Amino acid sequence: MLKNDVKEFVLGVSFYDFQSLHNKEFQSEIIEVFSEIVKDSSFVEGPYNEKFETDFAEYLQAKHCLLLANGTDAIEIALKAQGVEHGDWVAVPCITFFASAEAVINIGAKVVFVDVDPLTGCFCPNSFERIASSYDLKAFIPVHIYGHPAPIEAIEKLCSEKKIKIIEDGAQAAGGYYRNGKPLGSSDHMTTYSFYPTKNLAAFGDAGAIVTNMSDKVDLIKSIRNHGRSPSGHTLIGRNSRCDHLQAAVLYKKLKDLPKLAEKRRSIAKLYLNNFQGLNLRLPPEELIPLSSWHMFPIGLKSKEQKLELEAFLKDRDIASMKFYEKSLAQEKPLAGTPGEFETSNQFADTTLCMPMNPFLTEDQIMEVTGAVKEFLKG
Ligand SMILES: *Cc1c(COP(=O)(O)O)cnc(C)c1O
């Protein structure tokens, strides 16, 4: 973890800022809710679960939200609810968090990698088309990586022709928009969320959700998350993926600030992009400024060596940066031998470094970061 006191110094820029997020006002609000829950003895799936589900679906302009125990479970349960079975092929972009592929393997399905666009880190539609023509895909998991909208509109027609189910991994995308201006998560697919503490909308521990317009899948998902129960008893083999009432209450209280915090991330991304213009860096395209949820602000260096040098250079100046992701999924040992396309993904992972990104960064701090990067590139 980063030093919290670092922020006090002129030269300190931390990656996350939980102290500002959970300020005094929020603390007293949440303690009040927690004592209400303690008095009420409502432990799992209490009234705040439903309140959050209703409000989050409404915020995303979707019909349903189903809270779950975490974001990885959300992917597994979405795959199952969409009929993906043991031995089926599921395409996964090669730049994402490990869990996007792990979920596929844990339900007994097989992963094939789709390569990414080097500018955004999102899947490359041409690579997807090639994979879809050589593998009998049951599903595809486009990931809105860094909160950038993955170009699903480019492959929806092909997927509906070939009956490939689309499950959007929106773990980093709360607060973002598709290119048509609608909120990420409002599509007619299933979108999965993680509310892990570092995400844009975050619990005090683990939580996740599936958001969807498919009303016919709601009872199935509710049953899977609660041991296959339905009003008439156990009707299928499910699991336990219920969300704690305390986590739901935190999410409910935090949701009202999400739009404001998402706007702050956008203005920070815009400042970064303006200040980095003209430098020898690979930058996110400008069209993403109003769309992305800006979970991260990644920049691309010339080589892995240069990336590691910049990381050390920033650290010397008390500026945090992070290697998201240090490895492509194809470079991860437990996924060795997975077929598909990943050459660009490997280069992308080798050369990408994420700048500090949280809604509480000040303009001075942004200038400090971009000034340091400029100095590094000159030197
Ligand atoms: C965080 C994350 C997940 C996993 O979520 P957990 O809540 O940690 O299980 C899945 N996919 C992506 C892209 C993520 O960032």
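## Ligand shell, pockets and local backbone

H227 sits in the loop between α8 (218-225) and β8 (229-230); helices (H or I, at least four residues) and strands (E, at least two) are DSSP runs, numbered from the N terminus. The model is a predicted one, in which local features need pLDDT of at least 70 and side-chain atom pairs count only at pLDDT 80 or more, while totals for chains, interfaces and linings use all residues. Residues are numbered from 1 along each chain as its sequence is written, and side-chain values use heavy atoms, with hydrogens and water left out.

**Backbone and accessibility**

Although H227 is not a glycine, its phi is positive, at about 60°. E45, in the loop between α2 and α3 (47-59), is also a residue other than glycine with a positive phi, near 45°. A cis peptide bond, with omega near 0°, runs from F324 to Y325. Y325 belongs to the loop between α11 (304-316) and α12 (343-351).

The table lists relative accessible areas, where buried means under 20%, exposed over 50% and partly exposed in between (1.4 Å probe, protein chains only).

| Residue | Relative accessible area | State |
|---|---|---|
| E45 | 31% | partly exposed |
| F97 | 45% | partly exposed |
| H227 | 33% | partly exposed |
| S292 | 0% | buried |
| T352 | 1% | buried |

F97 is placed in the loop between β2 (89-93) and α5. The buried S292 lies in the loop between α10 and β10 (297-300). The S292 side chain reaches the backbone oxygen of Y146 at 3.5 Å. T352 is part of strand β11 (residues 352-355). The C-alpha atoms of T352 and L301 are 6.3 Å apart, and the residues are 51 positions apart along the chain.

**Ligand site**

The shell around the ligand holds 13 residues, and the closest are G71, T72, D169, S194 and K199; a residue belongs to the shell if one of its heavy atoms lies within 4 Å of the ligand. T72 places a side-chain N or O atom 2.4 Å from an oxygen atom of the ligand. D169 has a polar side-chain atom 2.8 Å from a nitrogen atom of the ligand.

On its own, the ligand has 380 Å² of accessible area, and the protein covers 92% of that. These areas come from the Shrake-Rupley method with a 1.4 Å probe; for residues, only the protein chains shown count as cover. Two or more residues of the shell come from each of α4 (71-81) and α5 (99-106). By class, the shell has four nonpolar, seven polar and two charged residues. Here Ala, Val, Leu, Ile, Met, Phe, Trp, Tyr, Cys and Pro count as nonpolar, Asp, Glu, Lys and Arg as charged, and the others, Gly among them, as polar.

**Second largest pocket**

The second largest pocket has a volume of about 470 Å³. Of its 29 lining residues, S20, L21, D257, L261 and F360 are the closest to the centre. Pockets and cavities are found on a 1 Å grid over the protein atoms alone: a cavity is a set of points where a 1.4 Å probe fits but cannot get out, a pocket is an open set with protein on both sides within 12 Å along at least five of seven lines, and lining residues have an atom within 4 Å of a point. Grid points are joined across faces, edges and corners, and a volume is the space filled by probe spheres set on the points.

At least two lining residues of this pocket come from each of α1 (18-21), α2 (24-40), α9 (245-255) and α10 (258-276). The largest share, five residues, is that of α10. The lining comprises 13 nonpolar, six polar and 10 charged residues.

**Cavity**

There is one cavity of 30 Å³ or more in the structure. The largest cavity has a volume of about 60 Å³. Its lining consists of P118, L119, T120, R282, L283, P284, P298, I299, G300, F348 and T352. Strand β10 gives the largest share of this lining, three residues. Seven of the lining residues are nonpolar, three polar and one charged.

Key: A polar contact is a pair of N or O atoms within 3.5 Å; within protein, one must be able to donate a hydrogen and the other to accept it, and residues adjacent in sequence count only if both atoms are side-chain atoms.
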